Amino acid sequence: MTMAALPPDWPGGFWLHWGVFVVVIFVFVMATIMGFIWFERRAMAIMQARLGPNRAGPFGVLQPVADGIKVMLKEDIVPAKGDKVVHWLAPVVAFVPALMIFAVVPFQGGAILADLNIGILYIVAISSVTTVGVFMAGWASNNKYSLLGAMRQVASVVSYEIPVVLSIVGVVLLAGSLSMQQIVMAQDIPFILLQPLGFLLFFIGALAEINRAPFDLMEADSEIVAGFHTEYSGMKFALFYLVEYGEALAISAIVTTLFLGGWRGPLLLPWLWFLIKVILVFFVIVWIRTTVPRIRIDQLMALAWKFLFPLALINLIITAVEILVWPAGSLWVLVPINIAVMIVLVLLWSRFFKLGWGKVEV
Amino acid sequence: MTVALSGEEIAARLEEKFPGSVVESGADSLLVKSGSWLEIASYLKTTAGLDFDYLTAITAVDYYDYFEVVYQLTSIKHNHSLVVKTRCYGRDNPTLPSVVSLWRGADFQEREIYDLMGISFDGHPNLKRIVLWEGFEGHPLRKDYRRW
Amino acid sequence: MVIKTEPFVVNIGPAHPSTHGVFRMRTTLDGEVIVDMEPVFGYLHRGIEKLAEERTYTGCIPLTDRLDYLASMSNNLAYCLAVEKLAGIPVPERAEYIRVIMAELQRIASHLIAVGSFLNDCGAFMTPILYMIREREKILDLFEMVCGQRLTYNYMRVGGVSQDIPDEFLPALDKFLKEMPGWIDEYDRLLKENEILLARSKGVGILPRELAVNTSASGPVFRASGVKWDIRRADPYSIYDRFEFDIPTGSVGDCYDRYRVRIEEMQQSLRILKQAMEQLPKGEVRSDVPHLIRPPVGEAYGHIEAPKGELGFYLVSDNSIAPYRFHVRAPTLINLTALRDMMVGWKVADLIIIFGSIDICMGEVDR
């Protein structure tokens, strides 16, 4: 397999490069989100012993399109006592960062909008902005459910950012670079094997950050109706819906890039490998969603601060020590060691900490 | 099998303890005076051997001249049951003592009787309409209630 | 530094995805913590007790269907028992067995919905409830076979049942009984030992034994608090004294116990069904009852162990063709008495699952 990378300004010229990639990324993200919506609904339906969307187009693949048209034709309702400007602005603020993440995601060697040398840092920074949009939505709706949902979102993102970033640092140490491109190039052994604990912590933290089950507290439909977007309808609601799936797609892409070797793989075309891995990660997210119940807000916090955070720190220290003392070139030996370390640490830590505080005296 | 205690036997015991409180007694039920009902209820609940710790149901029946409120008592401990009735008179503001302080299970049932039958329960902590809205006129389960 | 906060009031319901109908909880929250909760209901009040006073005794049976519409057969049975007690009407042997079969099938169907929606409230997105609805469909198919209805059966009559079971019913029931234990295992494999479910429901919403007795709780909620009280055993009605079954009880009285008690009750119901099917005799399914029943003056209280608790009908007769007074001892209404005690101090998310674990049906609460 050649690692034939595209030239950094493919297909020639700075502006052409940007123009082509912006269009390609936008189309790719929109098409994949549509596909993901269909895929999630069908996969979930099969796991739940039902059919799922199967009327619009072959196997119902056009269902997201039909839903999109319907949602655009719907009336846009703004709560009478809501903050109208903020209410209008919130979906935009939430949606744009979700799209901007893809600027640094490498689809194959060189196929990247901007190969920033601080790529992963950029992602960490940008992805948190969505929270601001969510909080704006919850506040502007002037609805108690929305406010509860928005507060939960802020609380969870503030706590989960830390273990997520710490587990990324392990990867960065191994790769020796913050550039997404370089991280992929460094993965002769996929980092999921070298950083199993880091992968686990990152994946759990990422699930919480994008609010997928079992951490979907901010829009917990059985508790607070629809959370922050209770008062949204029409196109604004559609944007929040797109944010949800856009973030899921982004996380799948980031997990693929950081831990699964990005576009690298035998036989198939690089971008096809990338897509397969992304879909696989997304499938796991859907699978978790259909299986497990939702966690409670205090348990969510406890999980972040008592479990993920200390383990991420320990993982970082272990990784640093390994890189210092281990001779380069024989990284394979580290794979069984790191897996054993992960199992021991997870088992040990789950004995230490308790989920949540239970009843409060009032 | 839940043993239905004989109303007459219980009536005899109650007569001893609270003279003049029992109006009449039958094979499976007894009718007590509303004035001494709360004391009797407390006696039935706490006396060893009776231990009516579980209030199964409360019902009110409108007989035009009076309202009869029926208490189905059960003892989980001894698995026996007793039906106690009491009456209240007058259609404007019939009143009975509330047994919520003894059996909290009476809470919603007394509110329901208040709502639909119009019997007030003295000492109920939160006596207000339960299924109908505040401001509803009349008490639908009364026999003389006509909605047209 | 102490941040000054103030509690705020949230109306959860009457239109809320998890209130199982049109129930309203007026909650006072301090952040996420519940400070106070007041149940408000009556949105589904149809005045069934009043309506029944203007109908014949047989004409009241469809009204009972509409009480707890997830367990119509049980409602039919309780009402018919009360009328039979009032009028002294005998029931043929075969009809008794058919009634038991229907009541136990109904218990399984009702518990499936109860457990499914409880797990759904916990946030297990739709999967458990859809699995359980799949099995409930099979029970509904069986009911459709005998009475042509899938929700409001109107099947039992005073003095028996409306018609005999068709020939294909018993083989279908046999098939169901063979398959059902495997499905119950499937539910257990899915979530019984799930760490998140344990963390969410163990120790949450405890109803202590004393409080359960004092607030007249009944059914699985009562038994989960550790009281071995099942009217099928305590006061056997119909022919329940002929069957062998255990009464599952919980130890703590938390949400998890209530969930487990329901699952185990389904297994016990399967045992009863198996025995009833084997013993089912031939013969009449309805005793000779006049169209217009005129019970002698008097009163009767007929009660059964319905899926949700003790369902009782208190009937007063004045020797006319319609009941003089028709009172329903609705188990779910009375089970709600202790709701506030179970909820205060817990969080919004717990409020939903505590409420879900009680398993109410608004048709019965409001009547």
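Colleague: What makes B:Leu50 and C:Trp229 contacts of B:Ser75?

Modeller: In this predicted model, the test for a contact is heavy atoms within 4.5 Å. Leaving aside residues up to four places away in sequence, B:Ser75 touches B:Leu50, B:Asp51, B:Phe52, B:Asp53, B:His80 and C:Trp229. B:Leu50 and C:Trp229 are on that list, so they count as contacts of B:Ser75.

Colleague: Let's turn to charges. What makes B:Asp62 and B:Arg91 a salt bridge?

Modeller: Side chains of opposite charge can pair when their charged atoms come close. The cut-off is a side-chain nitrogen of Lys or Arg within 4 Å of a carboxyl oxygen of Asp or Glu. Between B:Asp62 and B:Arg91 the N to O distance is 2.8 Å, so the pair passes.

Colleague: Which label, buried or partly exposed, goes with B:Asp62, and which with B:Arg91?

Modeller: B:Asp62 has a relative accessible area of 1%, so it is buried. B:Arg91 is at 24%, which lies between the 20% and 50% limits, so B:Arg91 counts as partly exposed.

Colleague: How do you know that C:Arg66 and C:Asp65 form a salt bridge?

Modeller: The limit is 4 Å, and the N to O distance for C:Arg66 and C:Asp65 is 3.9 Å, so this pair qualifies. C:Asp65 is buried because its relative accessibility is 0%. C:Arg66 has 37%, so it is partly exposed.

Colleague: What makes A:Glu244 and A:Arg212 a salt bridge, and which parts of chain A hold them?

Modeller: Their N to O distance is 3.5 Å, so they meet the 4 Å limit. A:Glu244 belongs to helix H10 (residues 234-259), and A:Arg212 to the loop between helix H9 (196-209) and H10, so the pair links parts of chain A that are 32 residues apart in sequence. A:Glu244 and A:Arg212 are both buried.

Colleague: How many salt bridges are found in the whole structure, and which residues of chain C are linked in a network?

Modeller: The search finds 47 salt bridges over all chains. C:Glu104, C:Arg107, C:Arg223, C:Asp230, C:Arg232, C:Glu265 and C:Glu305 are linked in a network.

Colleague: Now for whole chains. How do you know that chain A is as compact as a globular protein of its length?

Modeller: Start with its make-up: chain A has 13 helices and zero strands. Its radius of gyration is 21 Å, close to the 21 Å that the globule rule gives for 362 residues, so chain A is as compact as a globular protein of that length. Along the principal axes, its C-alpha atoms fill a box of roughly 65 × 60 × 40 Å. Of the 362 residues, 55% count as buried.

Colleague: What makes the radius of gyration of chain B agree with a compact globule?

Modeller: A compact globule of 148 residues would have a radius of gyration near 15 Å, and chain B has 16 Å, which agrees. The C-alpha trace of chain B spans about 50 × 30 × 25 Å, and buried residues make up 59% of the chain.

Colleague: And which pattern do the elements of chain B follow?

Modeller: Chain B has three helices and eight strands, in the order β-α-β-β-α-β-β-β-β-α-β. Strand S5, the one with B:Ser75, is among them.

Methods: Residues numbered from 1 in each chain as written. Chains lettered and ligands numbered in written order. Predicted model: local features only at pLDDT ≥ 70, side-chain atom pairs only at ≥ 80, totals over all residues. Heavy atoms only, no water. Helix = DSSP H or I, 4+ residues; strand = E, 2+ residues; numbered from the N terminus. Rg over C-alpha atoms; globule rule 2.2 N^0.38 Å. Buried < 20%, exposed > 50% of the residue type's maximum accessible area, 1.4 Å probe, protein only.
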